[in-house]
Every structure is written in C-alpha cells, then in structure tokens.
Amino acid sequence: MVTIKFFVFVLLAFISIPLFPQKMKTVEAEYTYYVPENVTLEEARHTALNRAKIQALADAFGALVTQANSTVVNNRDGASAIDFLSLGDSEVKGEWIETIGDPVFDIFYEQGMLAVKASVKGRAREIVSAAIDFKAKVLRNGTDDKFESAEFKDGDDLYLSFLSPVSGYLAVYLADSSGQAYCLLPYRHQSSGIYSVAANRRYVLFSADEASVDERPYVDEYILTCSRQSLEYNVVYVVFSPQPFVKAADERMGEACPRQLTFEEFQKWLAKVRKHDSAMGLQKFIITIRHD
C-alpha cells in the first residue's frame, strides 16, 4: 500500500455537458499473454488486461498501423488480430470509457510456459477527432523532465510535469492496490474543486518551489511509501479538458492523507464525465514502488 505523506497535485476540473454526447458501444475481448521469466504475475495480469482492452477496441473500431514493420493488423471473420510489438492505446481508433463487471483472469501453463488470459467487457467510443496533445510526465526525486520514471523506491518524492497547447482544466488521481483513489489535484486546501492551467506553460505539480507565489500556501508535496516487503503497483490518472469539470465527491481522512474515495466510485465518476465530454483527454501511468 502506498502512503502519501506529502500531498500530491491532483489534475482535476469541472465538466460542462455537450448537448450531443458521443454514442457509446459495448465491446468485449480476451487476450492470452505468455509471461516471460522476468515478469511478475501482477505485471502479467496488468499486461493481459490492457491488451484485451486494446483488442476489443480494435475489433470494434479498427486500428491505425503506424509501424508496418512491427505492427500487423489482420482481419479474420470481422475481428482484428494484432501483433502487440508496438501497438498501443494511441493506435486504435477507439477509447475505453468504463469496464462492465470485473475482468476475468485464467492463469495456466501451456507447453511449460506460464500464461495469463484476461477477458474483459466494457463501454467504449470511437475516436472521431484528434485528441489534444497534452504532455504529462511522472517524475521521481526531481522536477526536470529528465527525472521521468515509472519505478519508485520507498521514500521517493513524486512530482508531475504538465504542458498543454490550449488552456483548460486539470485533475490528477492516484489509485493504489488497496482499492482506494486519492485526489492529488486540486490541492486539499483549494475550495473551488477545479484547477485551471494556461496554454503553452510548463507546470511542475507537487512542488512548492516550482509553484507561483500566490499558490505556494496551497501546494501539497508527496513522498511515496511501500508497506509491503516487495513492491506495489499504483496508477496515476491525469485528466485534462478545455472545458471545466467538477472533481469527484471525496472525503478527508486525516491531516497526513489526501482526500480519497473508493476506486469503484472514482471509476464511476471518470466514466460519467468522459461520456459527456468528447474533448476530455486521459493519460494513465502505471508506477511501481519497491521496498528496500
């Protein structure tokens, strides 16, 4: 479990609802991932689930082949079979909005090799226009982009850099393995529930030194901790829209903790706001925290 001792910036904001929200489609797929020896079972489950989602999106909406030498998309009986050497979320022509029910995992051995099969069902929508190309980076123990990392150790500082070509609204959450989601931005002591950002300005969140003078009293800074002896997985969600949106309803659990809600409640909020805002962008970063 991750304990946040110095509060993290949350990229959140308020959402206005368009008159004609984009139509959702129910999609589902399964994917079997053959696990290399250097990959943990938890990592394998994450990979299998993510690839099952990508497979479902490709089946429903198709895929963009951006690297023909390493990405192959074949159509068999109306379904797309994908080589995942380079295919990522940005190369399918749809986006995952919410998961229906719980994913199902089947773990087995095939020809002496560990395999994880993930089956998932959810709601998605077709990408009909290019999303705003905002840039977010998770940083470890430093505020320059050269400190970008997905691997943390117990006691490391967490920062986030952000840059957008347009002005808008931002929110950041961190979800841990205990089933909780923590609101990192807006800051705890900001009462508006919305965090606005200007176009073409690089922000470094969770650092009082990098904040503007008037914002410094509100800044929460964070240290990531690991209560297990091995490692933990966390997911940082960066949510951005040119339209204002309201953060999820959450609770303050103590002076040394960020505001929080259950991961299920967070997922419901995220699905709701994304359904009604086709301009909203989402970036997810899986980070690990190791205990020395």
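A salt bridge is taken here as a side-chain nitrogen of Lys or Arg within 4 Å of a carboxyl oxygen of Asp or Glu. In this predicted model, Glu264 and Lys268 form such a pair, with their closest N and O atoms 3.7 Å apart. Glu264 and Lys268 lie four residues apart in helix α2, so about one helical turn separates them. In an α-helix, residues three or four places apart point the same way, because each turn takes 3.6 residues. Glu264 is exposed, at 53% relative accessible area. Lys268 is also exposed, at 55%.

Helix α2 spans residues 263–275. Its 13 residues reach 18 Å from the first C-alpha to the last, close to the 18 Å expected. Phe266, Trp269, Leu270, Ala271, Val273 and Arg274 are buried in this helix.

Arg274 forms a salt bridge with Glu95, at 2.6 Å between the closest N and O atoms. The pair joins distant parts of the chain: Arg274 belongs to helix α2 and Glu95 to strand β5 (residues 94–99), 179 residues apart. Both residues are buried. Arg125 joins Glu95 and Arg274 in a network of salt bridges.

In total, the structure contains 10 salt bridges. One of them pairs Arg259 with Asp250, with an N to O distance of 2.6 Å. Arg259 is partly exposed, at 24% relative accessibility. Asp250 is buried, with a relative accessible area of 12%.

Disulfides number zero. Cys226 is buried, at 5% relative accessible area, whereas Cys257 is partly exposed, at 26%.

Key: Residues are numbered from 1 along each chain as its sequence is written. This is a predicted model: local features need pLDDT of at least 70, side-chain atom pairs count only at pLDDT 80 or more; totals for chains, interfaces and linings use all residues. Side-chain values use heavy atoms; hydrogens and water are left out. Helices (H or I, at least four residues) and strands (E, at least two) are DSSP runs, numbered from the N terminus. The expected span of a helix is 1.5 Å times one less than its number of residues. Buried means under 20% relative accessible area, exposed over 50%, partly exposed in between (1.4 Å probe, protein chains only). A disulfide is a pair of cysteine sulfur atoms within 2.5 Å.
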